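Reader: Can we go through this one quickly? I'd like the ligand site, then the interface.
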Amino acid sequence: MYLVQDASFLAPEIKMIRLEAPRIAKHQQAGQFVIVRVHEQGERIPLTIADSDASTITLIVQGVGKTTRLLNQLQAGDAILDVVGPLGRPSEIQLYGRTLVIGGGVGSAIAWPLAVALKAAGNEVVVVIGAKTQRFVILEKELTQACDQLFVMTDDGSYGEQGLVTDKLRELIHSQSPWNYVMAIGPIPMMKAVAETTRPAGIPTTASLNPIMIDGTGMCGGCRVLVGGETRFACVDGPEFDAHLVDFDVLAQRNKLYRQQEQAALQEPPERTAAALSQTHPCRLSELTSNLPSSSKGE
Amino acid sequence: MADRLPPKERTKIPRQEMPEQDPLQRANNFLEVNTGFDAALAQKEAQRCLQCVNPHCVHGCPVGVKVREVIDLVLDGKYLEAAAKIREDNVLPAVTGRVCPQEHQCEGSCILAKRFAPLAIGHIERFVADYEQRTGQVGLPPCAPPTGKRVAIIGSGPAGLSCAGDLVLQGHQAVVLEALHELGGVLAYGIPEFRLPKAIVQQEIDNLRKLGVEFQTNVVVGKTVTVDELLGEEGYDAVFIATGAGLPRFMNLPGEHLGGVYSANEFLTRVNLMKAYDPQHSDSPVFDCRGRSVAVIGGGNTAIDAVRTALRLGAAHAWLIYRRSETEMPARAEERRHAIAEGVQFLTLHNPIEFVGNEQGLLTGVKLVKMEPGEPDESGRRRPRPLPDTERTLPVEMVVVAIGAGANPLVQTSLPDLQTNRWGYITVDPASMATSKRGVFAGGDIVSGSATVILAMAAGRQAAQAISDFLKDGEWPNVVARGGECESNYP
Ligand SMILES: Cc1cc2nc3c(=O)[nH]c(=O)nc-3n(C[C@H](O)[C@H](O)[C@H](O)COP(=O)(O)OP(=O)(O)OC[C@H]3O[C@@H](n4cnc5c(N)ncnc54)[C@H](O)[C@@H]3O)c2cc1C
Ligand SMILES: Cc1cc2nc3c(=O)[nH]c(=O)nc-3n(C[C@H](O)[C@H](O)[C@H](O)COP(=O)(O)OP(=O)(O)OC[C@H]3O[C@@H](n4cnc5c(N)ncnc54)[C@H](O)[C@@H]3O)c2cc1C
Ligand code: FES
């Protein structure tokens with residue numbers, strides 16, 4: 001059981017959850033993720049660690065399907081059944097020089113620890129984040145503090161500048177080159193577009209991939225991605241790869257494999273979701289933990 | 001002691017058949033295929049034992065279960081004592097009674113096998129273990145007085161579990177650290193419910209818990225905590241690495257990234273660990289096999305498990321594609337027989353060369369080539385080679401690649417001074433299972449390459465003994481580590 005210490009919405013459907021997980025917090029580095037299972041019948045899903053302190057880790061979750069929406073219902077005092085990590089390789093934080101971090105949607109959450117780490121390594125860091133509309137702009141304050149300059153793009157122009165993150169990227173490449181390094185995190189089409197934009201300019205670019213995962217330890221092979229014509233496992237070899245080598249089309253296709261089942265899961269009667277959540281609700285927490293062997297209580 | 005039949009009479013009794021679910025019925029459910037001996041059948045079968053003075057079956061068992069003594073106890077109706085006798089050497093009798101390749105081990109060495117059918121030792125073992133569970137009077141052996149020493153065991157598969165069991169018996173504290181949320185290793189995520197019910201695995205783990213073994217799930221050693229930290233600030237006196245060979249192998253064929261192409265580990269994990277066969281009670285999805293054609297590639301236990309699982313998930317056609325002949329398959333004979341009875345179609349002496357898909361990136365077929373047996377290789381088996389101009393495409397919507405597994409590298413990469421061989425398996429001193437790093441031992445599939453449950457358990461026992469010796473005198477075996485010399489187990 002992993003206790004939720006804080007939970008609050010940053011934007012509609014985007015929730016920040018702070019969890020007690022001391023062993024994970026101690027080892028966490030920028031770019032790494034955890035795999036969580038909310039309740040007994042839940043699936044295992046990966047989520048990036050956005051922040052950590054001595055004993056807690058922070059996750060930022062966008063409700064897109066069954067499990068992430070369930071996570072969005074959690075409140076302080078609730079608990080998550082399983083949290084395992086930190087998984088994946090940490091980002092390669094080096095002194096690149098002038099770096100650009102581009103986050104789309106909930107990707108901005110992942111951009112945050114990266115921007116902090118890149119800045120701490122002595123880089124000049126410019127961040128571009130994109131959102132559909134003003135209500136979905138997240139972590140603006142935190143990112144402003146973490147980097148040298150922040151640009152906010154919205155599809156409808158309701159906040160920041162109107163346009164896509166790649167519009168800003170193109171503009172920055174043309175007006176302020178040279179850029180030494182670009183990091184892209186967000187929806188697959190966005191990362192693909194960023195890669196295509198930086199390719200002609202020859203700017204080294206990394207993308208943080210989000211394939212479907214189960215174990216996160218290299219055991220199932222489900223997270224395999226095609227990078228430079230080679231099969232790599234995103235959970236242990238990634239999740240970050242050279243964006244110019246990634247086959248984003250294969251990634252997009254593989255992520256669609258369970259679309260039908262996912263849709264069906266969302267249509268399920270709310271009772272089942274409610275019942276599932278009550279399994280880990282605090283009023284049942286004492287009962288649940290008393291059934292557990294002492295060693296597997298939390299961390 | 002009960003009166004025994006004269007030897008001549010004993011050989012007249014035929015080997016007792018294991019009762020099983022009707023093939024056509026079981027092909028549609030995940031309930032156990034074998035339903036188990038009752039006391040009468042166990043008695044009758046036990047009477048066939050010739051009570052050899054020098055019982056070969058005991059030597060045939062990698063952990064040396066005292067088969068003869070067990071059979072004596074069964075004949076006397078002392079089933080609980082029989083189970084306790086097995087437990088002296090084997091902490092997972094209900095598991096091994098179900099999944100051991102007995103035909104190559106105890107039963108393979110049985111003297112009866114020369115002229116008659118061998119004694120059904122596995123079935124009797126399963127009976128006494130189940131009997132013990134039903135009565136709830138598990139004959140747990142007493143533990144030695146506490147030594148105050150603590151050992152961390154990485155991985156909760158059979159190697160880790162048997163090592164932990166032996167260590168607590170010797171009075172040490174044993175803490176098992178497992179990366180997944182459930183305990184058991186392959187027993188939990190790989191071997192399907194219809195062959196090894198998860199409740200059986202959990203029972204055996206509960207028995208270990210009662211003995212005093214501690215378990216921590218969701219801990220990935222090398223990530224959540226390092227071996228150096230375990231030996232340092234976490235205060236363990238020794239570490240046993242039993243992380244298994246859980247790295248899926250692919251064939252590097254065109255089309256391997258198509259939707260519908262699975263590794264055996266992913267397919268079986270979704271179904272076994274995540275219960276994807278029961279969408280009413282599980283949020284994890286799996287490929288919808290209903291009415292579809294499915295092909296599984298390989299000839300080991302994993303392949304047979306995968307193809308039978310696909311059949312149970314409703315596949316209209318379930319093919320097993322293997323590049324050698326059926327008799328050369330490494331899978332247990334019983335499982336092959338069961339699979340065929342259930343409707344699995346074997347396509348032997350065939351090998352895939354390409355996966356074919358549609359514009360949506362979904363698999364539509366597998367291109368195969370016929371094979372013929374060629375020259376014998378190092379293993380003595382004839383290496384199959386493709387026959388020219390025999391290509392054809394089998395229309396299938398799902399493929400499971402089950403050609404074996406490699407060494408899981410997580411612990412090794414976080415521990416650079418740990419010696420491994422060129423395939424990533426940990427090298428150990430074969431006598432003591434000691435690695436190149438002081439205080440660290442290793443065993444099971446991560447040393448030997450993919451093997452069997454009982455061999456992993458034997459390695460766990462051997463390591464427990466060596467660890468115990470080390471904890472007593474602190475003497476580190478001064479032997480050059482030598483390792484699992486295996487590359488691929490693609491049969
Ligand atoms: C390394 C990594 C880090 C991630 N970090 C974050 C994060 O910080 N915040 C966040 O909101 N999301 C993150 N994601 C994505 C998140 O895991 C998925 O949104 C989530 O799994 C969807 O689950 P669901 O049941 O709510 O939706 P579903 O209805 O199951 O799926 C919706 C879509 O999510 C994707 N998806 C489904 N299952 C998985 C899975 N097991 N792994 C990955 N993607 C899946 C598929 O594209 C699917 O179409 C990350 C993914 C990866 C691989
Ligand atoms: C589908 C299938 C069917 C099989 N059928 C049979 C059969 O019928 N009979 C038979 O005798 N054998 C069978 N085998 C082989 C047998 O299961 C294995 O040989 C045996 O399980 C190996 O045991 P092990 O303890 O070495 O490793 P495993 O059982 O692989 O267990 C290793 C455990 O370590 C965990 N782990 C890995 N890395 C870490 C880490 N860094 N930190 C913490 N934990 C970690 C894993 O999650 C896993 O739980 C089968 C195998 C498969 C895959
Ligand atoms: S998630 Fe299973 S191998 Fe990466």
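Author: A residue is near a molecule if one of its heavy atoms lies within 4 Å of it. This is a predicted model: local features need pLDDT of at least 70, side-chain atom pairs count only at pLDDT 80 or more, and totals for chains, interfaces and linings use all residues. Residues are numbered from 1 along each chain as its sequence is written, chains are lettered from A and ligands numbered from 1 in the order in which they are written, and side-chain values use heavy atoms, without hydrogens and water.

Reader: Which residues come nearest to ligand 2?
Author: Val99(B), Ala159(B), Glu178(B), Arg195(B) and Asp445(B), out of 36 around it.

Reader: Which polar side-chain atom lies 2.8 Å from an oxygen atom of ligand 2?
Author: One of Arg195(B). A polar contact here is a pair of N or O atoms within 3.5 Å. Backbone atoms take part too: a backbone N or O atom of Val453(B) lies 2.9 Å from a ligand 2 oxygen, and a polar backbone atom of Thr452(B) is 3.4 Å from one.

Reader: How much of ligand 2 does the protein cover?
Author: 95% of the 1000 Å² of accessible area that the ligand has on its own (Shrake-Rupley, 1.4 Å probe).

Reader: Which chain B residues lose the most?
Author: Lys223(B), His257(B) and Asp283(B), together 21% of what that side buries.

How values were computed: Polar contact = N/O pair within 3.5 Å; in protein donor to acceptor, adjacent residues only side chain to side chain. Buried area = accessible area lost by both parts, 1.4 Å probe.
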